[in-house]
Amino acid sequence: MNNNVFVYYFPCQRWLAVEEDDGQLSRELLPVDESYVLPSEDEEGGGGGDNNPLDNLALEQKDKSTTFSVTIKTGDKKNAGTDANVFITLFGTQDDTGMTLLKSSKTNSDKFERDSIEIFTVETLDLGDLWKVRIGHDNTGKGPGWFVDWVEVDAPSLGKCMTFPCGRWLAKNEDDGTIVRDLFHAELQTRLYTPFVPYEITLYTSDVFAAGTDANIFIVIYGCDAVCTQEKYLCTNKREQKLFFERKSASRFIVELEDVGEIIEKIRIGHTNTGMNPGWHCSHVDIRRLLPDKDGAETLTFPCDRWLATSEDDKKTIRELVPYDIFTEKYMKDGSLRQVYKEVEEPLDIVLYSVQIFTGNVPGAGTDAKVYITIYGDLGDTGERYLGKSENRTNKFERGTADTFIIEAADLGVIYKIKLRHDNTKWCADWYVEKVEIWNDTNEDEFLFLCGRWLSLKKEDGRLERLFYEKEYTGDRSSNCSSPADFWEIALSSKMADIDIDTVTGPMAAYVQEGPVIPYYVSVTTGKHKDAATDSRAFIVLIGEDDERSNRIWLDYPGGKKGFDHGSVEEFYVAGLDVGIIKKIEVLYEMTVWTGDVVGGGTDSNIFMTLYGINGSTEEVQLDKKKARFEREQNDTFIMEILDIAPFTKMRIRIDGLGSRPEWFLERILLKNMNTGDLTMFYYGDWLSQRKGKKTLVCEMCAVIDGEEMMEYTSYTVSVKTSDILGAGTDANVFIIIFGENGDSGTLALKQSANWNKFERNNTDTFNFSDMLSLGHLCKLRVWHDNKGIFPGWHLSYIDVKDNSRDETFRFQCDCWLSKSEGDRQTVRDFACANNEIRDELEETTYEIVIETGNGGETRENVWLILEGRKNRSKEFLVENASGQRRAFRKGTTDTFEFDSVYLGDITSLCVGHLAREDRFIPKRELVWHVKTITITEMEYGNVYFFNCDCLIPLKRKRKYFKVFEVTKTTESFASKIQSLVSVKYEVIVTTGYEPGAGTDANVFVTIFGANGDTGKRELKQKMRNLFERGSTDRFFLETLELGELRKVRLEHDSSGYCSGWLVDKVEVTNTSTGVATIFNCGRWLDKKRGDGLTWRELFPSA
């Protein structure tokens, strides 16, 4: 400053050119102190030379500026593109960028063409919060008119990506004629993520012959706990590749990358191996970054002094480097600069890993393609490495051989996962990998990966890339949260139970909320109109009782897919606050499935599970096979929502035998209640296969709780009597399902009979089924046939089922046709057990009476009771109290008695009296007995009647003083419930929609579910009628045992016929015996080509 004249210095040192740097033609500059520009008294030449002070300012200037990535979408309309010069202005709350020409697109040389996407870089100083974008053009060129869909502005340093919708013309002859528009951001579409930080990366090329390279160099930076940045290529164009990385040079780059934390443990550098001279000899790498409080910087030095070349050294083009020293510069409070140099303590070791890959000994197992591997450990990963040179073989990856490769990398710690892939080149690209062994040459740790999979587009599931986990690994196999489904599966696991929500950052922060978080299933149906589609992000907010609401729950796709197509049905699993009013999952279970350690033990088949418990059973559900589950010697853990039917009794597992690997060796399954921690184990240890083991695709496993099996094993003998009428025999295949108090048997095929020709007229055929879990008291039997053979019609007399362990036989009387041409033309029948008719003849029974005395008063006197039932009234039951240790009715105790009586029917009330003994003196003060509860169990059928008394009953000498209690709760036993199962006809009315093409030619099936069970899958068919036409109403009658209250209907078709797609309006089901009708609205397509592509629907009763 001279004579009050201020001089400001604004260094730039950047290109203003379309073809250079980031393509910007304008820059905003910051002033600096003159010491950075003017030479000192003992220097000449100013801020130039090898130690230019301005070089150290680049990182600080980058930190004070904001780099925006601007993405512009041109519309998909006729003449939507423009030849004009386009400009943009970004407006923040503190400043704006001014008019910025968009000249250098990163995606297309011919910019702003129809339906194209352009990406530009705009760098500016702090604008504050961005709130508006002005976009326009100068109306020059042959076709200046332009239709803009949207503009997206991404600021990595802020961790924010904002969308500015437009959807209008910028043209003189379109819309309102304007060529400049102001766009405002859609707040709901703003995407937040962890902000990036600037790094100054300097790479030093060695002073050796041919040390320079024309290839493009990339870098990956690793922090603690395997946190790393993306792979970043340092040169933005080929010209920079030729200018940088010359012999004995330092190439400096300022880049914005993910923040890896306070400690940098290693870096990975490599190049593309392209250009005239791709080989490169690197001396060392410096990484400089600002300190957290921005009052200084630290520089880490990574020594290398190695070739990255396919013709030098070990012929590798990738190196991992660990830091040797740290140089820290920090400004103190007095303005002085403190410089500290120190060596890195205990850096990671550089380790040689021996990787041995075994190619399977099956036809066509070898490959000529290029193979790549990525090794993952708890300290990081190797990045993808090309397996080029085998240490022991010239011709790699041949059938039945083992190839060894050496990979140099920083210590990975405990290796738990590998990724294998090939590029599918050459003539014989298909590859079958048997196993992979990895040996740490430093500490001699060995890791085994059992593979047994094809990497082929033609075999198995057509994948060229697979993940494999270490043989002993028991941790989480869903390491990446790529979708909301993955997130809630991890978030709801027991491992996340103690997480502090205040510490959650990044994308997960949007999901985490104070209070219990539960999963929700969301289905979004977009309208069929062309304009109904959207590219926007969608979200839901859940509002519950007391106006409690969740955060915005974004419905995002994995893999970056955006938007909702017209007519589409999209499904999401998301996590959100439990708001109460939305029906939530009753019980969450953590399910772990162990696949056996046998060759070929993994499967590609679909796996289905049915669970049985004391309180009922679940429907059959399919186990999700995402993330390469159910592989050899692998335990897969995932979250399942299961009805509250615990304690469990058994589990049925079924596979469909489809896929390239149709067999599965199931070891065991563990269920853990995530609320209570209760564990239930199911053991199997055999094949599910049509060729191996028990040669079955279905297995049943007994539940084991605390080492105790919850069910007993038995064998059943099934005797089938065919009627003695003309044409009664059948040539069809017959099947049954037996239902009992412990669930059902699953489908049993009646194949091997003592009679060579089964099911002939007036014959009895016997079938044996051994090693089955006991069903207890049997109540129902379903029988059907497949209507095949020359004479499929069958008249069945009865079926007897003998439980050999109980020596008890249950009869199921039929006396009707199972035929498409006789009777009511049904081939599926349900029958109740005829043994239950004895109940109506019951005259006497025994009642168990349990009396609980409260703390309000005990008694030494007698108690009498009279039970009131719907059929009879009992005689008086007198309980004479004893003395000494046998005395009843003490405080806080429970006493049990048995009482023989006539059968009373359902008990409705109870009379209780408190009676003094004959010789008992009653004082003037009142003596009372506190009766808390009384529970009565009818012993013959097990019906339980509960009375909540909680009353003080005074002591009296006469029986005219007593208390009457009404029954509080009744638990109807299984044996009692099955007596009410009678055959009922249901009328099923199906209404087809009115839209064009709504009718179907396919075969249609229905299953009706009620409180007492289901009908099984029934075909809806009528002779000589064209069913399910557009706008038609079709009626059918199904006979089955009474279902009780109807809960849902499953409607489906087999996609056969010329026009199989079907639009169902509704289904109405009427119980003809009671006249009660239940309507199930649908209004959706069952069509592989429309909506969500499903050919089945589950419909629930309309309100």
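Where is proline 647 found? The views below are close-ups of a predicted model, in which local features need pLDDT of at least 70, side-chain atom pairs count only at pLDDT 80 or more, and totals for chains, interfaces and linings use all residues. Residues are numbered from 1 along each chain as its sequence is written, and side-chain values use heavy atoms, with hydrogens and water left out.

**View A. A cis peptide bond joins alanine 646 and proline 647.** Omega is about 0°. Proline 647 sits in the loop between strand E37 (635–642) and strand E38 (648–655). Strands (E, at least two residues) and helices (H or I, at least four) are DSSP runs, numbered from the N terminus.

**View B. Aspartate 175 has a positive phi, near 55°.** The residue is not a glycine. Its place is the loop between strand E7 (160–170) and strand E8 (180–184). Aspartate 175 counts as partly exposed because its relative accessibility is 47%; buried means under 20% relative accessible area, exposed over 50%, partly exposed in between (1.4 Å probe, protein chains only).

**View C. Lysine 248 also shows a positive phi, near 55°.** Here too the residue is other than glycine. Lysine 248 lies in the loop that runs between helix H2 (238–243) and strand E13 (250–258). With a relative accessible area of 63%, lysine 248 is exposed.

**View D. Glutamate 28 lies in the segment before helix H1 (57–64).** Its relative accessibility is 33%, so glutamate 28 counts as partly exposed.
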